[in-house]
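Visitor: I would like to learn how to read a fold step by step. Could we begin with the overall layout and then follow one element?

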Amino acid sequence: MNEEQVLCACSAYERKYYFNPRFSSLPKPVQEELQILCVTLTEDVGGLFTMEFDEDGCLYLSSTAKENDFAYDEIGSHLKIKQYQVRYAQLLENLETYYKLMIAEE
């Protein structure tokens, strides 16, 4: 996937959060909320968590782990992502709209 389409990511391995500067026009409270979501998920289940847009502007949340990472909670990651999709449905929908209107038009 094109790096420009990654909205944000977090790594439990490196203990780092990444926010794509291409999306810096998002309001600061939204950026802060995204950071909280990413960091919380990786602290809870481990691994790598990414939020990225596909070519159609749909936002995907995914969690992966390094091979042989036995501390990674794969089931917990899927449950947490489902929980985020329900609890933050409005935010995720608004991010897709933002992407389609502001980024995809560039």
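Visitor: How many helices and strands does the secondary structure of the protein chain come to?

Guide: This is a predicted model, in which local features need pLDDT of at least 70, side-chain atom pairs count only at pLDDT 80 or more, and totals for chains, interfaces and linings use all residues. Residues are numbered from 1 along each chain as its sequence is written, and side-chain values use heavy atoms, with hydrogens and water left out. Helices (H or I, at least four residues) and strands (E, at least two) are DSSP runs, numbered from the N terminus; here there are three helices and four strands, and along the sequence they follow the pattern β-β-α-β-β-α-α. The radius of gyration, taken over C-alpha atoms, is 14 Å, close to the 13 Å of the globule rule (2.2 Å times the number of residues to the power 0.38) for 106 residues, so the chain is as compact as a globular protein of that length.

Visitor: Is strand 1 mostly covered or uncovered?

Guide: Buried means under 20% relative accessible area (1.4 Å probe, protein chains only). In strand 1, residues 6-11, six of the six residues are buried, while for the protein chain the buried share is 40% of the 106 residues.

Visitor: Which strands pair with strand 1?

Guide: Two strands pair if DSSP finds at least two bridges between them. Strand 1 is joined to strand 3 (residues 48-53) by five bridges in the antiparallel sense, and to strand 2 (residues 16-19), also antiparallel, by four. Ala 9 stands opposite Thr 50 in strand 3 and has Tyr 18 as its bridge partner in strand 2.

Conventions: Buried < 20%, exposed > 50% of the residue type's maximum accessible area, 1.4 Å probe, protein only.
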